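Reader: I would like to learn how to read the features of a protein model, one at a time. Could we begin with the general idea each time and then turn to the case at hand?

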Amino acid sequence: LEEDPEVKRYMRIFEAFKEKLAVVDRKIKAISKMEFLAEDNKTPLPPDKASEQRALLFEQCGEERLKIENDLQLKQSFFEIHKQTRRNVGIELIQGIIDENTQTCSWQMKLFGQEDVR
């Protein structure tokens with residue numbers, strides 16, 4: 001269970017990117033099954049013209065997928081930087097006075113190494 005709000009935000013972003021990639025992949029798979037019609041919207045295009053249309057669609061979807069992958073890679077690098085800064089945060093536990101009657105004590109916790117740690 002992750003408690004860091006920044007990590008939770010990155011996980012939501014990564015899920016959104018995965019969904020976008022899945023949509024583009026479905027588009028790419030559907031291109032080969034598409035039937036292209038002539039301008040009258042009744043007669044199918046000849047095979048050579050249809051293959052040109054498919055190639056154009058493949059190229060567009062490929063560019064879209066590449067853009068999404070580049071954006072995802074950029075977000076992943078930001079996430080790695082965030083994880084590294086979180087590794088630099090230190091925790092110090094200080095034991096308080098022991099109560100002789102109950103054999104319990106209080107603890108103080110100090111966080112250091114990062115300005116936004118509360």
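**Reading the features**

Author: Lys18 is exposed, because its relative accessible area is 51%, and the word exposed means over 50%, while buried means under 20% and partly exposed lies in between, with a 1.4 Å probe and protein chains only. Before we go on, note that this is a predicted model, in which local features need pLDDT of at least 70 and side-chain atom pairs count only at pLDDT 80 or more, while totals for chains, interfaces and linings use all residues. Residues are numbered from 1 along each chain as its sequence is written, and side-chain values use heavy atoms, with hydrogens and water left out.

Reader: Which residue forms a salt bridge with Lys18?

Author: A salt bridge is a side-chain nitrogen of Lys or Arg within 4 Å of a carboxyl oxygen of Asp or Glu. Here the partner of Lys18 is Glu15, with the closest N and O atoms 3.8 Å apart, and Glu15 is partly exposed at a relative accessible area of 42%. Both residues lie in helix α1, three residues apart, which is about one turn of the helix; helices (H or I, at least four residues) and strands (E, at least two) are DSSP runs, numbered from the N terminus.

Reader: How many salt bridges does a search of the whole structure find?

Author: The search finds seven. One of them joins Glu6 to Arg9, whose closest N and O atoms are 3.1 Å apart, and since these two are three residues apart in helix α1 (residues 5-31), they are separated by about one helical turn. In helix α2, Lys83 and Glu80 are likewise three residues apart, about one turn of the helix, and their salt bridge has its closest N and O atoms 3.3 Å apart. Salt bridges that share partners also join Asp25, Arg65 and Glu69 into one network.

Reader: Is His82 buried or exposed?

Author: His82 counts as buried because its relative accessible area is 11%, and its place is in helix α2 (residues 47-87). To see what surrounds a residue we look for contacts, meaning heavy atoms within 4.5 Å. Leaving aside residues up to four places away in sequence, His82 touches Asp4, Glu6, Val7 and Tyr10.

Reader: How do strands β1 and β2 run, and how many bridges join them?

Author: Two strands pair if DSSP finds at least two bridges between them. Strand β1 (residues 90-99) and strand β2 (residues 104-112) run antiparallel and are joined by eight bridges, with Gly90 standing opposite Phe112 in β2. Four residues lie between the strands of this hairpin, where Gln103 takes a positive phi near 55°.

Reader: Which residues make the nonpolar surface patch?

Author: Patches are made of residues with over 30% relative accessible area and no salt bridge, where like charges are joined within 9 Å and nonpolar side chains (Val, Leu, Ile, Met, Phe, Trp, Tyr) within 5 Å; accessible areas come from the Shrake-Rupley method with a 1.4 Å probe, and for residues only the protein chains shown count as cover. In this model, Ile91, Leu93, Trp107, Met109 and Leu111 make a nonpolar patch of about 560 Å². The elements giving two or more residues to this patch are β1 and β2, and β2 gives the most, with three residues. Leu93, which belongs to strand β1, counts as exposed because its relative accessibility is 56%.
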